[in-house]
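Trainee: I am new to this one. Could you show me how to read its aromatic rings and its confidence?

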Amino acid sequence: MNAAISARRPHSEWLSLGPASRIVGVDPDTLRRWADIGQVEAYATPGGHRRFRRADLERVVETRRPTRRRLATLGATPARLARAYARSYRASDVLGSPAYDDLDRDAFRAEGRRLIAALLAYLDSSTPAARRRWEAEATASVRSTGGRLAQTGSDVLGVVTTFLAARRPFLAELAALGRRRSLDVAALTTLYDEAAALLDRLLVELLEAFQIAANQPTESKRSA
């Protein structure tokens, strides 16, 4: 019966013991033992070799994944991050540039608060749909900022500098959070990598929005 089932399913769905154990994150002996006691389904080939269905392995991974505490409960709130940004901006004086008037600075700060909230919500999201929603919110924020930076006459170097000035305190706060709360290295690394990957994508969005706005006719930039 197992051979018949295997014959009806696409070969790509089935994995041998070695690749299957790497997906689950355990050694082959452990996965073999789990199969023996029925903790994960395995199917035998006519030659007696185990084959594991990818969907079954993914379900095992989900059940073994620890529930991550929300960042707000660990101390990473929008208010705390906003204070970290304020300290960073005072030290670097990024928003004190003569190119930015009071209206620009207020707009940049408002978009910064919007971005912080979206970043934290993204990292706390437990479903792909929620992550897409909050990434879209973060993207809208940086694209708005990219357009405003073009209106102020900034160049590409200024745009990247502004973004890095915003990126640095966020990642620094995540690292400090891990130290304060003694998060395990794997959890902190995953959190940091997810945040860094999102910020990399947002930098691309920022630069694209800046280039689009910078290429508008000069007389329309301030009225846009």
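Mentor: Gladly; we start with confidence and then turn to the rings. This is a predicted model, where local features need pLDDT of at least 70, side-chain atom pairs count only at pLDDT 80 or more, and totals for chains, interfaces and linings use all residues. Residues are numbered from 1 along each chain as its sequence is written, and side-chain values use heavy atoms, leaving out hydrogens and water.

Trainee: What does the protein average in pLDDT?

Mentor: pLDDT is the predictor's confidence in each residue, from 0 to 100. Here the average is 78, and 77% of the residues score at least 70. Over residues 1–11 the pLDDT is below 50, and this stretch has 8 contacts (heavy atoms within 4.5 Å) beyond near neighbours in sequence. Where pLDDT is low, the predicted coordinates should not be read in detail.

Trainee: How many aromatic pairs are there?

Mentor: A pair of aromatic rings is described by the distance of the centres and the angle of the planes. Rings of Phe, Tyr and Trp (its six-membered ring) pair if their centres lie within 6.5 Å; planes under 30 degrees apart count as stacked, over 60 as edge-to-face and the rest as tilted. The count here is 1 aromatic pair. The centres of the Trp14 and Tyr43 rings are 4.7 Å apart with planes at 90°, so the pair is edge-to-face.

Trainee: Are Trp14 and Tyr43 buried or exposed?

Mentor: Buried means under 20% relative accessible area, exposed over 50%, partly exposed in between (1.4 Å probe, protein chains only). Trp14 is buried at 7%, and Tyr43 is buried at 10%.
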